[in-house]
Amino acid sequence: QVRLVESGGGLVQAGGSLRLSCAASGNIRSINAMGWYRQAPGKQREMVGTITRGGSKNYADSVKGRFTISADNAKNTVYLQMNSLKPEDTAVYYCNGELDIVGDYRYRDYWGQGTQVTVSS
């Protein structure tokens, strides 16, 4: 069984910082990419940032220059450092992993349970 467990969410004032972590565990053969997505009330889930196994990064325009995604491949863990937070960053943040698990032989999307980030004005 594969699990993606997020941590680090919480309540912060505008201009503050938070760091999210997501650890993938289970019968993982390989990780192609990991990333962070978010969903605000009444809105669709959107990509925040992704990082490939080779280290290539991609960010949503709304977070460029404020958020930084990084990964520890040895620990199957991805991080999201969020600085200069704004009230519009308030959302549930979900970790995503493109994982190849033992016995599957293909990459599939797996999701964490989500962690709430609330930015007060």
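Visitor: Is Arg38 buried or exposed, going by relative accessibility?
Guide: The value for Arg38 is 6% relative accessibility. Buried means under 20% relative accessible area, exposed means over 50%, and partly exposed lies in between (1.4 Å probe, protein chains only). At 6%, then, Arg38 counts as buried.

Visitor: What kind of model is this, and how are its residues numbered?
Guide: It's a predicted model, where local features need pLDDT of at least 70 and side-chain atom pairs count only at pLDDT 80 or more, while totals for chains, interfaces and linings use all residues. Side-chain values use heavy atoms, with hydrogens and water left out, and residues are numbered from 1 along each chain as its sequence is written.

Visitor: Which strand is Arg38 found in?
Guide: Helices (H or I, at least four residues) and strands (E, at least two) are DSSP runs, numbered from the N terminus. By that numbering, Arg38 is found in strand E4.

Visitor: Which side chain is joined to that of Arg38 by a polar contact of 2.9 Å?
Guide: A polar contact is a pair of N or O atoms within 3.5 Å; within protein, one must be able to donate a hydrogen and the other to accept it, and residues adjacent in sequence count only if both atoms are side-chain atoms. The side chains of Arg38 and Ser62 make one of 3.4 Å. Leaving aside residues up to four places away in sequence, Arg38 also touches others, including Phe67, Glu88 and Asp89, touching meaning heavy atoms within 4.5 Å. The 2.9 Å polar contact joins Arg38 to Tyr93.

Visitor: Why is E8 largely enclosed by the rest of the structure?
Guide: E8 pairs antiparallel with E3 over 6 bridges, where pairing takes at least two DSSP bridges. Another 6 bridges join E7 to E8, also antiparallel; in the hairpin of E7 and E8, Asn76 takes a positive phi near 50°. E8 is largely enclosed because the buried part of its 6 residues comes to 5.

Visitor: What handedness does the disulfide of Cys22 and Cys95 have?
Guide: The structure holds 1 disulfide, a term for a pair of cysteine sulfur atoms within 2.5 Å. Cys22 and Cys95 form it, with their sulfur atoms 2.1 Å apart, and the pair links distant parts of the chain, Cys22 in E3 and Cys95 in E9, 73 residues apart. Cys22 counts as buried at 0% relative accessibility, as does Cys95 at 0%. The torsion about the S-S bond is about -80°, so the disulfide is left-handed.
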